[in-house]
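This report describes one predicted protein model.

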Amino acid sequence: MSASLRLPGSKSMTNRALVLSALAAGPSTLSRPLRARDTELMAAALRAMGAHVSIADDDRWLVRPHRLFGPAQVDVGLAGTIMRFVPPVAGLADGQVTLDGDPAARTRPLSPLIEALRSLGVRVDTPASGSLPLVVLGAGRVTGGEVVIDASASSQLVSGLLLAAPRFDRGLVVRHVGPPVPSAPHLRMTVQMLRAAGAAVDDSTPDVWAVEPGPLTGRGWEIEPDLSGAVPFFAAALVTGGEVTLRGWPARGSAQPVERLRSLLQQMGAAVTLTTEGLTVRGTGPVKGLHADLSDVSELTPALTALALLADSPSVFTGVGHIRGHETDRLAALNREFTGLGADITESTDGLEIRPRPLHGGVFRTYHDHRMAHAAAVAGLVVPGVELDDVSCTAKTMPEFPALWSALVTDKN
């Protein structure tokens with residue numbers, strides 16, 4: 001296998017850029033954004049509250065900010081970024097904003113964000129469970145100040161508050177109290193993009209983020225290819241002994257955790273190089289087992305689990321208990337579905353222990369989770385007869401995945 005491909009833009013960057021653009025003082029453009037269910041729903045959410053968001057051109061989206069107002073209905077789908085980024089923005093709207101989504105979205109943790117908003121004076125009505133559906137009764141402004149939150153369930157709980165904070169009258173100081181915040185690179189992305197939009201952010205104290213009030217600048221956003229979406233393609237290079245190049249990768253200054261991914265793949269036996277052509281991963285021999293705390297890159301867990309099952313020695317992944325609250329309980333789902341294919345996996349409260357042994361074909365259920373589909377696709381490169389019950393779930397973040405993967409498999413053969 002020797003493949004070179006260009007993947008769609010990062011979901012995390014696209015949705016952050018949309019929010020910052022809708023709150024800016026002037027128009028913005030997004031170059032090479034991700035067009036997928038999560039980002040289209042975010043654009044629709046901001047549009048429902050009054051922003052002008054044009055996504056007619058696949059390669060260049062335009063956002064013109066406008067006074068935010070209700071009533072507005074927001075469909076969050078199954079997207080954590082929407083259900084956690086939009087409520088603080090809705091607090092700035094003048095009127096009622098109602099948020100709801102897919103049935104599974106009602107199980108995802110929101111209570112810490114809701115309580116944080118209430119402590120800042122934002123009126124939020126929710127069911128007793130503290131989950132979706134919720135109603136934000138915006139007053140057209142948020143005073144801001146200081147808030148304490150336990151964001152150990154998701155870094156998005158902090159990012160949502162920070163993205164809207166420059167528009168709060170007094171800005172915002174967020175203090176996290178509790179177990180470590182997972183997915184630290186996503187928080188760094190939030191801070192980096194806030195600063196790029198002109199916000200003054202102090203994150204020098206661990207678990208404290210201070211955002212000064214002030215206008216955000218409309219600007220052009222260059223959206224990087226989605227690193228998380230690239231992982232199953234890189235994994236394909238390892239399991240086939242081939243080479244995959246992700247074109248269009250920035251030569252320096254990435255907002256995504258490329259060095260962390262490089263280290264993990266190298267430990268599993270890959271050669272990883274960054275050139276002017278892009279980021280290239282090459283398989284160099286047998287896949288190696290990996291012992292790693294994945295708390296900072298938890299979205300990689302499904303694809304890395306598939307790799308670990310095909311390795312030459314056991315693997316242990318820890319620090320990812322919070323992914324039980326993602327699109328599905330990913331740890332339980334990975335254990336259940338791969339065990340059904342003959343895997344030997346032990347599930348702990350915060351991770352997986354994987355002992356490789358021969359696998360067999362069978363139906364692999366995705367639970368509407370795109371990352372589960374990615375994991376099954378990687379295993380299916382080596383194990384004959386692996387069948388996905390639903391590949392359409394990949395449209396959540398990469399509608400092109402089935403076509404790109406089919407082209408990769410054709411090239412492999």
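## Positive phi values

Arg32 is placed in the loop between β2 and α2 (37–48); helices (H or I, at least four residues) and strands (E, at least two) are DSSP runs, numbered from the N terminus. The phi angle of Arg32 is near 55°, a positive value in a residue other than glycine. With a relative accessible area of 36%, Arg32 is partly exposed; buried means under 20% relative accessible area, exposed over 50%, and partly exposed in between, with a 1.4 Å probe and protein chains only.

Asp207 also has a positive phi, of about 65°, although it is not a glycine. Asp207 sits in the loop between β11 (201–202) and β12 (208–211) and is partly exposed, at 34% relative accessible area. Most residues other than glycine have a negative phi, and most peptide bonds are trans.

The model is predicted: local features need pLDDT of at least 70, side-chain atom pairs count only at pLDDT 80 or more, and totals for chains, interfaces and linings use all residues. Residues are numbered from 1 along each chain as its sequence is written, and side-chain values use heavy atoms, with hydrogens and water left out.

## Strand β2 and its partners

Strand β2 (residues 28–31) is covered on both faces: Ser28 and Leu30 on one side, and Thr29 and Ser31 on the other, are all buried. Strand β2 is joined to strand β4 (residues 60–64) by 4 bridges, and the two run antiparallel; two strands pair if DSSP finds at least two bridges between them. Within β4, Arg60 is the bridge partner of Ser31. Strand β2 also pairs with strand β13 (residues 220–222), in the parallel sense and over 3 bridges. Here Leu30 stands opposite Trp221 of β13.

Thr29 is a residue of strand β2 and counts as buried at 15% relative accessibility. Leaving aside residues up to four places away in sequence, Thr29 touches Arg60, Trp61, Leu62, Arg219, Gly220 and Trp221, where contact means heavy atoms within 4.5 Å.

## Cis peptide bonds

The peptide bond from Gly70 to Pro71 is cis, with omega near 5°. Pro71 belongs to the loop between β4 and β5 (72–75).

A cis peptide bond also joins Leu132 and Pro133, with omega about -5°. Pro133 is found in the loop between β7 (123–125) and β8 (134–139).

## The chain as a whole

The chain contains 12 helices and 22 strands. Its radius of gyration is 21 Å, close to the 22 Å that the globule rule gives for 413 residues, so the chain is as compact as a globular protein of that length. The radius is taken over C-alpha atoms, and the rule is 2.2 Å times the number of residues to the power 0.38. Along the principal axes, the C-alpha atoms fill a box of roughly 60 × 45 × 40 Å.

Of the 413 residues, 58% count as buried. Among contacts between residues at least 6 apart in sequence, 72% join residues at least 24 apart. The accessible surface comes to about 15200 Å², of which 50% belongs to carbon and sulfur atoms; areas come from the Shrake-Rupley method with a 1.4 Å probe, and for residues only the protein chains shown count as cover.

The chain has 37 positive and 41 negative side chains, and the centres of the two sets lie 3 Å apart. Lys and Arg count as positive and Asp and Glu as negative, while His and the chain ends are not counted. The place of a charge is taken as NZ of Lys, CZ of Arg, CG of Asp or CD of Glu.
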